[in-house]
Every structure is written in C-alpha cells, then in structure tokens.
Amino acid sequence: MQRYDQAVWSESDGTRYEPLLAEKNEQSVDVQARTSLPDDVARDSVTLPELSEPELARHYTRLSQMNYGVESGPFPLGSCTMKYNPKFTEEVAALADAAVHPDRSAESTQGTLGVYAELQDYLGRIGGMDAVTLQPPAGAAGEFTGILVARAFHEHNGDESRSEVIVPSSAHGTNFASAVMAGYEVVELSPGDDGRVDLDALESAVSEETAALMLTNPNTLGLFERDIEEIAEIVHDAGGLLYYDGANLNALLGQARPGDMGFDIMHFNLHKTFATPHGGGGPGAGPIGVTEDLAEFLPSPHVRADDDGYELYEPERSIGKVHGAMGNWLVLLKAYAYIERLGDEGLADTSEKAVLNANYLGSQVDLDVPFGPFHHEFVASAGDQDAADFAKRMLDYGVHPPTTKWPEIVSEALMTEPTEMESKDTLDQLAEAFNAVASEDEESLETAPASTAANRIDQTSAARNPRLSWHALE
C-alpha cells in the first residue's frame with residue numbers, strides 16, 4: 001500500500017505528484033525505518049485520523065476564521081504597526097523570475113543585484129543615510145547590527161573605553177537587549193515631564209564612556225523630539241553616536257529624515273513602514289543605514305554598481321556577515337515593489353494619513369490621552385480600569401485591542417496606532433468600541449471576552465505550561 005510520506009508516480013506520463021488525501025487511506029504508518037532519532041524519543045508508528053479532503057479543508061477554514069488578522073478588521077497595536085499588505089507585492093514575489101538561488105554568481109543575477117542596489121538607494125534617500133545594508137532579517141537584528149557597526153567604529157578609532165549605550169526608559173525592549181548583546185552596559189534615561197528626552201538628564205548621562213544613544217523619533221508616545229538637534233549635539237560632543245530606531249518611521253515618510261536630524265545609524269522596519277509581512281515568526285527584513293564615516297564597517301557582501309553592472313564586494317573594515325546571502329530576498333522585493341508603486345508623493349501621503357488617522361481616533365475616544373500633540377500613534381489611559389481587562393472586552397466588539405500596559409509612564413496604557421490604511425468608518429467603529437468598554441462595569445471587564453472562540457484563559461499558566469499537541473486536550 002502507498003505510504004503517507006511517499007509521492008505517487010503517474011502511470012500515464014511518469015511524472016511525480018503529491019497524492020490527494022483520498023489516496024491516503026492508511027491509518028498507521030511505520031516510521032522507525034525513517035528516523036535516526038534515539039529510541040527513547042522515537043515512535044514505531046503514528047496513527048493519523050481518516051478524513052476526507054472536504055472535511056479537512058472545512059476544518060482548517062473554520063480555524064482560520066477563528067483567528068483575527070489585518071484582513072479580518074482593524075488591528076491598532078501601537079508601536080507594532082500592523083497594517084494590510086497589498087496583494088500586488090505578493091504577486092511580484094511569486095513571479096518565476098524572482099525564484100533566484102542565492103548561490104548563483106553575480107554575473108548571472110544582475111537583475112536581482114540591480115533590485116538590491118536600487119532598494120539600498122531608495123532607503124538611503126528616505127532615511128537621509130549615505131549607505132545601506134539589506135542583510136539583517138528583522139528590526140531587532142538591524143538594531144544589533146547597527147550597534148556592532150558603532151562598536152567597530154569606536155574600536156577602529158582606538159576608543160575602546162566606550163562601554164555604555166544610553167536608552168530611554170520608554171524605548172522598545174529590543175533596544176536594551178541589542179545593546180547588551182553587543183557587549184555594552186545600558187544607561188536608562190527617564191523622560192521629562194512632557195514625555196520627551198530631558199536635556200539636563202541627557203547631559204548628566206553622557207560621558208567619555210558613551211558609545212551611543214538609541215532613540216525613536218517620534219517616540220513611543222507618538223511625540224516628536226523637538227530638541228533633536230540639541231540631543232544630537234550633546235551626544236556627538238561627548239564622542240558618541242546617535243542611533244535611530246526606525247519603528248516609527250512611517251510617521252515621517254516624505255516629511256523629515258533621520259539623517260538630517262543628526263542620526264548616524266538607523267534601521268528600517270520593512271514590515272512596519274513598507275508593508276511587508278509582519279509576525280508569525282517568518283522571514284523579515286531590518287536593513288540599516290549609516291553615514292559616510294560608518295559605511296566601511298557595514299556587513300559583507302555589499303552590492304554596488306561597477307562598469308559592467310553590479311558587483312558584490314566587502315567593505316574595507318566590514319563587521320562580516322550577519323545573515324545568509326544578501327538578506328531575505330522576497331521580503332526585500334516586496335518592499336521594493338511597494339516603494340516603486342507609491343513613489344515620493346505616495347510615501348508622503350502615507351505618513352500624512354497615518355498622522356491624520358491617529359489624531360482623529362484620539363479625538364473620538366472618551367479616555368484620557370495625557371501626552372500630545374502626537375503623530376502616528378497615541379497612548380490613552382484606561383484610568384481606573386485594568387488595561388488588560390479593557391483590551392479583552394474590546395474583543396467582544398469585534399475589533400482587535402491596542403497594545404496594553406506600555407509604555408509604563410502612562411498608567412494602564414492603551415497604546416494605539418490605527419495606521420494610514422483605515423477608513424473613517426473603521427476609525428469610528430474603533431472609537432465606538434473604546435467608548436463602549438470605557439462605560440462598562442468592572443464585572444463585565446473581568447469576565448471578558450465572552451464571544452470569542454476561547455474565553456478568558458490563565459495567561460500565566462498558558463505561558464509556563466503550554467499545550468503544544470492536541471493529545472494534551474484529551
């Protein structure tokens with residue numbers, strides 16, 4: 001009989017194909033001969049349920065409908081920038097010509113290298129950076145790569161005593177982790193009363209041991225650092241570098257550039273700013289850009305134009321490779337297609353709509369928004385209500401809740417970012433959900449959600465004792 005894990009040979013033309021479920025009618029499969037695992041972790045056989053193809057298709061379709069995503073409804077997770085990924089970029093990535101093996105020679109992949117080179121140029125111009133590497137496979141990986149470049153720069157200059165990286169207390173947790181992973185001690189910087197960088201506190205924090213300040217602008221409260229030029233001067237006068245966390249770059253597209261503000265290094269979150277897929281643990285992209293003085297330390301290989309087209313080369317003092325090949329090619333291709341489609345005017349329009357949507361939604365919710373004026377996102381307070389309970393109750397109104405409990409400088413924080421993609425009708429729907437939950441009693445919130453496939457769970461137990469198999473549900 002046909003094994004589950006074997007392909008079928010067609011008798012008509014001799015081609016190999018994957019059998020349909022209807023052709024897989026065995027219940028038990030011998031697996032011992034197919035594994036080299038130790039005896040104490042290997043099974044002799046596995047029993048699979050006998051289901052027809054329609055039954056299985058319906059099962060997974062039902063499961064998919066129980067899951068909430070950006071194609072289900074609004075997804076206002078502050079800081080995460082969860083927005084719709086246009087389908088045309090998927091179509092571009094699915095083109096046969098995009099299926100390029102990473103080990104092919106530069107001579108045979110000139111078109112691919114041309115896309116890389118143009119994307120480097122696009123990102124450099126958008127961020128005001130002189131050179132860009134596309135290798136890092138995620139935003140956090142971009143942070144780590146950027147701090148490694150900063151470290152290499154200081155070491156090359158004989159400045160090895162620089163052992164500290166300054167990070168605002170409201171920064172993304174990855175900022176702290178990236179600095180520590182790169183071998184630095186973190187100096188945490190508390191914000192001023194207005195939620196922005198306190199210049200006096202920064203003056204006290206910088207020293208001859210400062211390697212860099214990692215800063216998001218606008219910050220996690222959606223506030224633009226109006227003193228950014230003074231901030232850059234303070235850091236540079238101390239001999240440090242200014243690092244830009246690109247998480248909130250979609251608020252600035254076509255309006256302002258980190259390089260013009262005095263930033264020396266930055267990373268781009270392609271999933272947040274340029275509509276490539278986000279989440280799920282899959283491939284991502286977090287390119288970094290640097291000023292001219294730091295270009296020689298970028299990862300290798302790097303792409304540049306030569307007399308015959310494009311070539312791969314190693315920057316003179318490269319920190320080495322940080323990811324396989326040139327980065328996650330298809331993710332980069334999607335970002336390239338998105339930028340090409342929108343152009344300069346479209347990118348500027350994107351940021352304008354992101355700021356407009358956030359400010360409109362913020363004006364419609366019956367909650368305290370303690371800091372402003374804000375840009376693409378805002379942080380409201382749930383007040384006397386628990387922000388986590390508030391978020392769970394929002395699920396019963398058919399919308400995804402915002403980020404909760406962070407940044408901690410706002411009590412019971414509800415960090416909200418509607419992005420540029422949502423219509424006024426959708427924003428009104430979100431505002432209605434916010435306001436309805438804000439008016440409810442404590443008992444309704446403590447027992448929510450009531451209408452979802454899974455009701456309230458013990459989050460602590462679920463995190464510490466996950467059930468990773470359906471067998472655990474028996």
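1. Basis. This is a predicted model, in which local features need pLDDT of at least 70 and side-chain atom pairs count only at pLDDT 80 or more, while totals for chains, interfaces and linings use all residues. Residues are numbered from 1 along each chain as its sequence is written, and side-chain values use heavy atoms, with hydrogens and water left out. Helices (H or I, at least four residues) and strands (E, at least two) are DSSP runs, numbered from the N terminus.

2. The seven-stranded sheet. An open sheet of 7 strands runs in the order E5-E11-E10-E9-E8-E6-E7, with mixed pairing. Its edge strands are E5 (131-133) and E7 (185-189), each of which pairs on one side only. From one strand to the next, the twist averages 20 degrees. Two strands are said to pair if DSSP finds at least two bridges between them. Strands E6 (residues 164-168) and E8 (residues 210-216) are paired in the parallel sense over 3 bridges; Ile 166 has Leu 213 in E8 as its bridge partner.

3. A helix on that sheet. Helix H4 (residues 139-156) lies across E8, E9 (241-245), E10 (265-267) and E11 (288-290), and runs at about 170 degrees to E9. Axes are lines fitted to C-alpha atoms, for helices over the stretch in contact, and angles run from 0 to 180 degrees between N-to-C directions.

4. The three-stranded sheet. A further open sheet has 3 strands in the order E14-E16-E15, with antiparallel pairing. Strands E14 (378-381) and E15 (403-404) stand at the edges with a single partner strand each, so one side of each has no neighbour in the sheet. E14 pairs with E16 over 4 bridges, and Phe 378 has Thr 416 in E16 as its bridge partner. E15 pairs with E16 (residues 413-416) over 2 bridges, and Thr 404 stands opposite Leu 414 in E16. Both faces of E16 are covered: Ala 413 and Met 415 on one side, and Leu 414 and Thr 416 on the other, are all buried. Buried means under 20% relative accessible area (1.4 Å probe, protein chains only).

5. Helix H11. Of the 9 residues of H11 (residues 387-395), 7 are buried, so this helix is largely enclosed by the rest of the structure. The buried residues include Phe 390 and Met 394, and also the charged residues Asp 389, Lys 392 and Arg 393. They pack against E15, E16, H12, H13 (442-446) and H14 (459-464). Asp 386 caps the N-terminal end of H11, with a side-chain oxygen 2.8 Å from the backbone nitrogen of Ala 388.

6. H10 against H12. Two packed helices are described by the angle between their axes and the distance between the axes. For H10 (residues 329-364) and H12 (residues 424-438), the angle is about 35 degrees and the axes are 9 Å apart. Asn 357, Tyr 360, Leu 361 and Gln 364 in H10 meet residues of H12 including Leu 427, Leu 430 and Asn 435. Contact means heavy atoms within 4.5 Å.

7. Asn 435. This residue of H12 is buried, with a relative accessible area of 18%. Leaving aside neighbours within four places in sequence, Asn 435 is in contact with Gln 364, Val 365 and Asp 366. A polar atom of the Asn 435 side chain lies 3.1 Å from the backbone oxygen of Gln 364.

How values were computed: Buried < 20%, exposed > 50% of the residue type's maximum accessible area, 1.4 Å probe, protein only. Polar contact = N/O pair within 3.5 Å; in protein donor to acceptor, adjacent residues only side chain to side chain.
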